[in-house]
Each structure stands twice: as C-alpha cells, then as structure tokens.
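Hello,

Here is the structure I promised to pass on to you. Have a look at it first, and then read my notes below.

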There are 2 protein chains.
Amino acid sequence: MNYLKKLVLYFFCLSFPAALTAQVHPSLMLTKANVSAVRKGIQEYPLLKKSYKKIQSDADKALMTEMSVPLPKDGGGGASHEQHKKNYINILNCGVAYQMTGDKKYAAYVGNLLLKYAADYEKWPLHPKRKEGHQGGKIFWQSLNDFVWQVYTIQGYDLAFDAIPAKDRKTIEDHLFIPMLKFFTVDCKETFDKIHNHGTWDIAAVGMTGYVLNKPEYVQMAIKGSNKDGKTGYLAQIDQLFSPDGYYTEGPYYQRYALLPFVIFAKAINNYQPELKIFEYRKQLLSKAIATCLQLTYTDGAFFPFNDAIKDKTYESAELVYGVDIAYADIQAQPELLDVAKKQNEVIVSDAGLKVAADLAAGKAKPFAYLPQLINDGAKGDEGGLGILRYGSNEDQQCLLLKAASQGMGHGHFDRLNILYYDNGVEVFPDYGAARFINIEAKKGGDYLPENKTWAKQTVAHNTLVVDETSNFKANADAAQLKHPDILYFKNDNTIQVVSARETNAFPGVEMTRTTALIKVKELDKPLLVDVFQAISDKKHQYDLPFWYKGHIVDSSFNPTAESTNLKPLGTKYGYEHIWLNAVKTAGAEGGYVTVLNNKRFYTTHFVADSALQVKLLSLGANDPDLNLLESKAFMLSQPNTAKQTFFSITEAHGKVNSINETTTGASSAVSELKLISASATQVTVSFKVKNKVYHYQIDYNNKSQFVKLN
Amino acid sequence: MNYLKKLVLYFFCLSFPAALTAQVHPSLMLTKANVSAVRKGIQEYPLLKKSYKKIQSDADKALMTEMSVPLPKDGGGGASHEQHKKNYINILNCGVAYQMTGDKKYAAYVGNLLLKYAADYEKWPLHPKRKEGHQGGKIFWQSLNDFVWQVYTIQGYDLAFDAIPAKDRKTIEDHLFIPMLKFFTVDCKETFDKIHNHGTWDIAAVGMTGYVLNKPEYVQMAIKGSNKDGKTGYLAQIDQLFSPDGYYTEGPYYQRYALLPFVIFAKAINNYQPELKIFEYRKQLLSKAIATCLQLTYTDGAFFPFNDAIKDKTYESAELVYGVDIAYADIQAQPELLDVAKKQNEVIVSDAGLKVAADLAAGKAKPFAYLPQLINDGAKGDEGGLGILRYGSNEDQQCLLLKAASQGMGHGHFDRLNILYYDNGVEVFPDYGAARFINIEAKKGGDYLPENKTWAKQTVAHNTLVVDETSNFKANADAAQLKHPDILYFKNDNTIQVVSARETNAFPGVEMTRTTALIKVKELDKPLLVDVFQAISDKKHQYDLPFWYKGHIVDSSFNPTAESTNLKPLGTKYGYEHIWLNAVKTAGAEGGYVTVLNNKRFYTTHFVADSALQVKLLSLGANDPDLNLLESKAFMLSQPNTAKQTFFSITEAHGKVNSINETTTGASSAVSELKLISASATQVTVSFKVKNKVYHYQIDYNNKSQFVKLN
C-alpha cells in the first residue's frame, strides 16, 4: 500500500463519524466562494459564456413548460423514461441559472419540482418494467438510472438550496432524498457493494447526498462500503476497477461512463474534505484514467468500440467534459487537455470550467498528442492489455489496436487478440460494437438486442481467430473472466511499432500468438500493417481468420464468383448462423490479395499461410428476423483442417480516388511476393517485396531484447 | 427563329471564309491584353492567388519529372491513360505559369512535350482497346478522351505560343494538330456531326484549334457542321441539346460535362469574333444552362444522380468552375454565383477568374438561392421535365425531385416518374446512379459495368412503379427515346409545393400519374412528403412500387420476420434478378408504415392503397458474381393482380438521435389514419391525421386552376 493510500485511509479513520465541515451551499461542482468569479467568467470567457448560454436557455424553456412527474412506466426511450431524464437535467440547469443570475424563479422551479417528486416517490412501487438482467429502479426500469438521476439532482438541489424555504427542504429531504438513500443502500445493497460501474453511480449518489444533507454515515458508507470496512465502496472500486495505467476493465465506452461518478464524487470529497487528498489517491489514478480514456479514441474523438459499445460516442460526451475540466483544474493543468476542451466546445459552468475557459481564452492550449502505447489491464497491471500503434498526424492517422485485455466482465466480448484498424479518418477493419439501438423504444426499448449475445459478442464478429466455428471459452463469460491473454512484447520506434500477445486458454489445446505491427519502409509514405497470427495445437482444427472491412471490394487475386441465386448461412451457432456465405474461393500456397476501396483510398490485404487457404466472402444478416443487424462485410481466411497454422498478412493503404476531378492514382499495391519462410513455436520468418526491395521480417517469441528484426 | 439567332447566322455568313482577326496569343481563356492585370491579381486576390499557386506548384512538379509520352495501350485508369491525361494538364499548367511568370522554361516544357507527341502521333494506330460501344481514339481508348485532351492542350499551346520557336511550332502543327484535326473531322466525322456531348467536345477541340492555328475553315465547320449548312455543328447543338430552360437532355451529371466545351468554345468565339454575340444566342441559353446545372444539385453541391451518374460529383468540379467564372464574367455578374465560386474554392487563372476573384475579395457575394422550380425538357420545352420541390435553409433542406423528363439518349434510365428525396444533408430515397467505378482499372477498366444495363438502368432500381416485373419500354432505349411523360401541374406556395406528371407509353395499356408534394401543415415544423401514384389499365397487372432507402429500418407496422436461412432473388430479369427477397408481409386494407433511422433522424413512410398490399423487404446483390453492385435496400409496396391501383403514401421526417448525449426525441410519427377515400381517373381524395387534426387532400387531374386542395 503506498504512502498516500495509507494517508487517505488514516484520514478516513480519523474523520468518521465526526461531523463534516460546516454546511455551505453550493459546495459541489460550483462552490459559494467562486460564484462571483464564475458570474464574471460567463461574461468574459467565450467557452464559458457559450456553455452557460445554453444552460440558461434550457432553464428558461423548462420554466415555460408545465412540470410533469409521470408515474414511471416506460422502458428506455419511452415517454416516462425521457420525462424523468429531462427533469433531472432541468433541475441542474435551473440550479446553475439561479446561482448565475440570483433570480429566485429558477430556485423555485427546483424546489417545486422536487416537492412533486417528494409527494409521489414513496408511493411508487418498483418500476413495472425491467431491463433484462438488471436490478429495477423506482423512477426508471433499472436502478442505475435512478442513481444517475440523483447524481445530477443533488447538484441542482445544492445549487438552489439557499433559496428553497426550509419547510420545503424538509419535505424534500424527508420524503424524497432520505427514502431514496434507503432505497439505494438497503434495497440496492447488492449493487451498492458491487465492484462495478453501477455500484460507482450508486456510491456517488449516496455520498454526494450524504454531504449535501449532512449525513456523514452515508458518506462513510459510500467511501468505505456498506460495512464501512473498505472491502467495498469508493476506494475499493478505485483499487480494483482500474489498472495502474488507468484502464477500466470493461473497455473505453464504459470507462467513459464509469469515470463520471468517480470524478464527480472525487470533486465532492475534495471540496468537503480536502485533507483526504483524494485526487492523489493511488498515484493520481483518476488523472491517469482520464488521460487513458482520451487515448482510447481515434482521431475523430470516437472511443474504440470494442466490447459492448455504442459506436458514435466521442469524448465530446458530457462525462468527458466533466473529466477533462476537473482533471485540468483540480489535478494537473496539462495544456493538451485544453485542446480537447476546445473540441468538446463546452465546459461545465463550475469552478473547474471557469479555469479551463479562462486558460483557453488566454491561449494556453497545446495540440492533443495521441501516443503509441501499451495500456496494461488488471488491478495489478498483469492481466494483458491493449497495444495501440499510431502513425501520422491527427489529420490522417493510421491507428492499429490489438486487444489482449482481460474479459471485462459482463460487457466483454469473446474477442481475444482482436485488431481494430483505422486510417484516413475512418474505420478500415472495424469492430461491430454492441448490437443495440440505444434509446429507440421500438428496438427492445433501446436495450441490448438478443443479437448482442448471439452475434456481437461472438468471436467470429471480430477480426481475430476462430477455432472450429466456436467462440473463445465457448462464449461462457464466467470462464472467460478467470483467464487473460499475456502481452509478450511492445515496441515503438521510428520504423517499427509492434505489439505481440498470446492467448492459451480461449480455445482448449490451442496456443494463439498474434504479432501485429505498423512498419514504415522507405519505399512508401505510409506504414504497412504487418500481421502474423500463429495457432499451434496438437490436434487438427478448423482455423478461420475474418477481416471485417468497411468499403467495397474492387479487386482480388481471385475471381469472386459470388453466389448468384441462393444465399445460405455460414454455420449454425456462435454467430456463424448470422453470416451469409457469398463466395468460397481457394487460394493456393502462394496466397492472394483483396483490395477494398474505402473513403476514396485503397486497402490491399495480401495474405499467405503455411498451407493453402480458402477465402470466404461474407455478409451479415442471416437469422435476423427483426432486422436487428447492421450491414457488415468480411473476407475470411480459412483453413479447414490443420494442427498448426500461421497467417501472415500485409495491408497496404494506397492511392486515392478524387471523384470530383475523376482521377485515380496508386490503385495498385506496391507490395508483393509474401513468403512464409519458416514458422515454429519460437520463431517466425517471413519475407515480402515492396516495389523492388525484398524485406525479411523475423519474430523471436522468446527474445525479449530483439523480439522482431527487419532487414 | 429569334432576332439574335438570325443576327448570329447573318454574321457567320458574312464572316466566313474571310480571315479571322489578326492572330494574337494568348486569346482563349487568358488574353494578351489582360495578362498584366491577371499577374497583378494573383498577388492581390486570395482566391486567384490560391488557384494560381496550385498551378505553379503543379507546373514546377511537371518540370522536375521526366517527360513521358507512352504508346497508348491502357483503358480508363490504366498507366498510359493516366499519363496522357496528366500530360494535357501539365501542358495547360505550364502554359499558365509561363504567362504569369514570363519564365520561358515553362513554355519550353510545353513545346518539347508537344514535339514528342508530334514525333509519334502519326505513327500511332487506333488505340488497341475500345470502350464498349464507343468510337476509338488514338491517344485514348475512346475518341472522346482525345477531344478533351485537345481542348486543354490547345489552350496550353496558345499560352506558350510566343515562346515556342517557329520551327518547332511548324513541326507541332504539321505533325500533331493538323493530323489531329483530320482525325477529329474525317475519321470521327460521325461523332463530329452528332448532336451529342461527344460531338460538342469534338467541335470545341476543332474550333479552338482552328482559331489558334488560323484555319477558318475548321472554325466554320465547328460552328455550322461538317457540311457548313448549320444542320449540325455548335449552333445546332445549342438548339437541340438544351431545353429553353437550359436543361440538357442527358441529365445533370452529363449536363455538367457537356457544358464545358460549350462554355469554353463560346468564350473562344467571343474573343475571336465578339460581333457574333455568342453569349446572347437563344436568349442567353448558355447562361441559363449554367444556372440550371447549379439548381440540379442538392445543398451539398452534388448533382442529382439520375440517369448514368457518378454519385460524388459536385459543382466543385472543374467544368462548373469554368462555367461559373465565365457566366459571371462574360454573361451576367450575378452575385449568387460568387457564393458558388467561394464554395468551389477555385477560379480559372484567366480573364474571367480575375473578375470573379476580385469581386469576391470586394465582398460582393450573395448566398446562393436554391429555388423550387419546374425545369422543362425538350428542344421546345414540351417533352416533360423535372419538378424540384425544396423546403428549408441550405443547412437543413428537404428536397424532392420528380423525374418526368424525356429519356435522355443512351445514358438515360428507364425511370419515368421516379422520385429522389433528400433531407438533413443526406439522401433519404436515393437514386442508384450508374453502376460504375470510374477510373478503377480492375473494374472493367473504369467503364460502365454490365450491371449498369442489367441493374442501374432498369425501372425497379428506381423509386417508381414497375408493371409486371418489366421495365419502361421493356428497356428498349430507342423506343423510350420517342416518347416522353407530360407535366400536368406545378405549384409552389407557402403551404404546398406540388408537381404532377403522367406517363402513358412506358407500359403498354397502363396510364400512370404521379402527384408528389411537400406539404407544410401547422402541426409540424417540417413538411410532409405526400405522394399519390395512380395506375389505370383495362387489364390486371402486378404493380410494384419500391422505395429504395438509406439507413436502417427500426420500426414497422408489421413484424418483418425476414428470411433466416435461404435468400433467393426476387425475379429473373429486368433487374429483379439482382434483388434478394428478405421478407414478404401482407398489409391489410388499412395499410401500414415503415420507420427508417438515417443520419440520426427518423423517416416514417405511411402507406395505404385501394386494395390490400404486400410489403417486400429487399436488398441488392443477387446474380452479382463480380461484386459490382453497391449495398442498397428497399421496401416495396406490391399488388400482385389488379387493373387500377392508387398508392397513397406520406413520409414524415421526425425526431432526432443524439448519440453523444444518448438522447432520442420524436421517435414516433405524428401522422396516422391514412385513408384513400376515392380514386378515379379524374379525381383522387385522401385523408390523414396529423396529431389530432384530420386533413383532406384532393387532386383534380383536369382542373388546372385548382389542381390540388387541402383542408
């Protein structure tokens, strides 16, 4: 246990259950001492001004609309669901508007709306609908939404506190917040003590409410768990949910989401109990987690969509606005964060937002730097990780990610050694993300669709090896959670960026090692994606390596002769039942290539293996009666029956199509003559030609000092 | 014949075969008198400066690269094809660079490269490859490319003329340009005299070469046809290829292309023989044609892609840069054109470009206004036309186009009464355009693919009625060319924009009338697309009305129950063989709806008909062995056996999805209860409900004064 961690625990022991600091309101994101400075800031600093303008306009709209606190009845996206979401946003907006203008009408709105809730809340039963597999809420169909509701609402209440009559406050606290605290800690005890992002939201809601209502016992439970022994609660969550590199085990989409209650509650703790130095906890873990979350995006700001992820989510989302502002203002004022804030085009109207907006206005921003890096997973950093390779400017960057992290709990996909490849601002080899139309009522209430299990999580939905038409761990999440891949090597120099990882448990008796690299050769402007995927077993297996691609196949070494009149599924289970088989071709021992045109650039994937391959052309959509699956296409390298198989492929990004001038250049790949010279359990040697130059590339799996050689 | 037309012909009689004006070089886009002003302009006016900078940089690159005049051998996109294209661009760039800098190295490049051509040209046979169905060239696989080559090259030659030694000029003229003139007028006589855009390029190349080489007989042939009788040639082309509204019969994609030689040659005529007042010819027809070409785009600048069209083409293309600059500088200085020039972000480095750049710099631009309008087709304006309905700002515009124009010659599609529908910056009901990967060698040399005939041109590939699974005129282009639809009505007021057209020949014995409208009701912010398609016959037929859509179906009045394990084609010919049938559902007499999510907005199409319908869900790709077809999806309303059928549909654009904030609003359509109250050959009455208000909509086909009523 490091010194600071000890220090924090010491302070917690010391300070509980003594009374908290004197109650001053507001004291969460915006503090009383700073109100006049922020009021001035919304006149002076463009980004703060713009951000506040939106809030005040929304607050004014809220005031002109009749209040509605409907009986909870609808699932995600439905009317009552959306109304209750809107209500907490209005509460927060009106709270901010009250502090900025001093106009009591905003505070009155907060008070009156909360009185309406207080009149009904205790009467409401558990929500009649239930999000599949999730604990129910009272206001929403899952308790998680109730926690989120309160994290925002308590901020609005704190902001409006001073202008709400004491009698009304008592009604609100006695009949809404106190019953809610009981619901969150007693009825939802299981979630409250769970090391999981739903637990974090529960904890943050309870802890912040505890501070604002001056109920130290709830704060203590939030920080140290319901038994107050530190085995669960906020600190335990920071210890267990993040790796030392600040990676959150569920993946970027949930890291973003999980971060918010961590960050907001940290800020509350820091305001009420600065002596706890919460931002220093675990070597500034929260700061690292925010930085890592930003690094887990492509240059368009979209999070790498592995595991269950909604694909359009970017760091412009509210969670990262909080994260970036607080990281900058309260942890470390890195000027690169200002660049992100500028792209977010929003700050929180708060102490932190004031500082960000002021420093942006003062021209202190520096461009955000995406860095090639290895991000380790696991509470101790020893449970695999993510290799992120990047080449080129933020305007036209090649990015290759190898996913060799642990399973990531219930939202994890069975995609050990999966790669995601981006170039030219777009996905080249994408990840499907989650099968879900979020908040679209007609699509299973906006929840995860059945195809999330039957398709999106299955191994074949990813750019990684499938053995015998099954999935990793036969798609058993509990089994998968127990094992993780291992990172063998990571390197980043001027010529070669490479990451290598091994997985020995996902398919019994099969050892899989993938070594994937961006290699810059002097003959070409852009690096090559050089990928060596080796599978070794005592027994013979079917090995399928799909490349899900975006764009349209415009050339190949074989004549596709796609099925003309009768499409059938590729298989019957583990996701194969969702794939239409469009073509099967045999590529000889000399391998072959496929060229795809995507966003006006060509991508040629050359491939060869140590035995002759089949190439299958695939499209998604079989066994999808409700049209839940999105259009997706793949070419799959397949070996039907062998014990040991090494797939060697090179993907070159080349040429361009200018459809306005109708010119095409560089439509042919400059790479040729891929050869798999030798492949053993310890070493793989391959060669390839770029223009007229022959390159030899060797991987020594056991040589940590010179893992790869290129000459 | 109008007065100006007479005047022009009079001048032509007078002035030929007398010598042309004294030879001064340059005298085409850039004239000697203006050189010093343009030299000053490239320092002063940002857009001219930027445009010239690119030219000089490209010219400098050309000078540093070894000249190459390869033996012509490759088809479109191939190496020799691309090199010869690059050469004419280099010639023009170096010509401009010479005039701007006075540095003779640029002129020497032009002279030397042309000497290389002069050394080989006469030896070259006809190009060994042939673009299917097209006359061969010598430098390129089709003569068209040779004409284009010369239209650019002669400009470069004219610019460099004064600095090329007379001896070299003689060699170039005797062994390249004169033989080329013979090739263009004798070997290619058929094209030269054809009323068709290939003919225009031939004529422009010959006429401009005639001016620069002081060969009046070629100029006269160009203007009045090879027999010099005015039955063919430039003026005959202006008379016959454009409607009085300035519409070019082949459609926008080819209008853009066809315009360039018209405009460039007009500028040449105007410089050499200003007394001909060519820009005044046929009531300023060329000016109208340029304006119409701009109006034939959606707000992203992309041309409406009906008929054979490459879909990403926008008014930023070089042809429209010439068109807009010359229209502004030489015909009429409309400030709206400057807005387009600004978006083009380029001007020609020329007399016209100077004026545009100067006026832009002086802040004279006004926003380009897209106007709802009827554009008549046919040399006399009586062969059908296009109805373009538009609602909303250029930032978020609904646009609905009804295609009821004539066939448009060989590039025409069999798509009578087709609609294209746009909203929110994207296609909602798209047109497939051409089946072609332009300039991609691996895709049939970049030429039209076989699927252009078997799919893209067929009726079922469009958003219009198909009778008995055939195409209009059984896909016979010659038969189709003889007949045109008729516009019944067009109206544009604050509430209703509507266009109605009738086609009685495309399917024997079936009279089809489509009345399509954007109707703004006060209950909604955006207009509704209200579409009434009536087919009347004595005999029973199968009537299929497909809606090709972009996006993903997220809701419908029926359970899709898509085919799970076995996809089969919808039919066997007329394009049906390329369609996979994903689902067939029966909608009762009460009709139904389909909701599509596209670019974060919902589109619900409600439908009802006078008999129960089938709804078929379709995707493209059957019988496509070479993977030539792009992903496309449709829902098709189908009535298998009836004589008279009226399809009534309303498409509402509604709601939005914010995937960054994960909020969804307005996911349900506000429209309901569509009823077809009565439908006869003279009148159709329907009703529908928007929120709680019931609307009655009546169409009286014979009442020109009150064709539609809404109450």
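**What I found**

Of the 711 residues of chain A, 57% count as buried. Please keep in mind that this is a predicted model, and that the values here are computed from it.

Let me begin with chain A as a whole. Its secondary structure comprises 18 helices and 23 strands. Along the principal axes, the C-alpha atoms of chain A fill a box of roughly 85 × 55 × 50 Å. How does the radius of gyration of chain A agree with that of a compact globule? For 711 residues, such a globule would come out near 27 Å, and chain A has 27 Å, so the two agree. If you take the contacts in chain A between residues at least 6 apart in sequence, 66% of them join residues at least 24 apart.

Next, the inside. In soluble globular proteins, nonpolar side chains tend to be buried together. The largest nonpolar core here has 465 residues, and A:Val110 and B:Val110 touch the most other members. Leaving aside residues up to four places away in sequence, A:Val110 touches A:Ile91, A:Cys94, A:Gly95, A:Gly156, A:Tyr157, A:Ala160 and A:Ile164.

Now for the way the two chains meet. On chain A, 45 residues are in contact with 45 residues of chain B. Strands E11 (552–556), E12 (568–569) and E19 (663–665) of chain A each supply at least two residues of the side that touches chain B. The largest share of that side, 4 residues, comes from E11(A). By type, the residues on this side of chain A are 19 nonpolar, 15 polar and 11 charged.

How are the two chains related?

Finally, some strand pairing to trace in chain B. Strand E12 (residues 568–569) runs antiparallel to strand E13 (residues 579–587), and 2 bridges join them. There, B:Lys568 stands opposite B:Leu581 in E13(B). E13(B) also pairs with strand E16 (residues 613–620) of chain B, in the antiparallel sense over 8 bridges. In that pair, B:Ile579 has B:Leu620 in E16(B) as its bridge partner.

Enjoy exploring!

Conventions:
Residues are numbered from 1 along each chain as its sequence is written. Chains are lettered from A and ligands numbered from 1 in the order in which they are written. This is a predicted model: local features need pLDDT of at least 70, side-chain atom pairs count only at pLDDT 80 or more; totals for chains, interfaces and linings use all residues. Two residues are in contact if their C-beta atoms, placed from the backbone, lie within 7 Å. Ala, Val, Leu, Ile, Met, Phe, Trp, Tyr, Cys and Pro count as nonpolar, Asp, Glu, Lys and Arg as charged, and the others, Gly among them, as polar. A nonpolar core is a set of buried Ala, Val, Leu, Ile, Met, Phe, Trp, Tyr and Cys residues joined through C-beta atoms within 7 Å. A residue is buried if 20 or more other C-beta atoms lie within 10 Å of its own, exposed if 12 or fewer, and partly exposed in between; C-beta atoms are placed from the backbone. The radius of gyration is taken over C-alpha atoms; the globule rule is 2.2 Å times the number of residues to the power 0.38. Two strands pair if DSSP finds at least two bridges between them.
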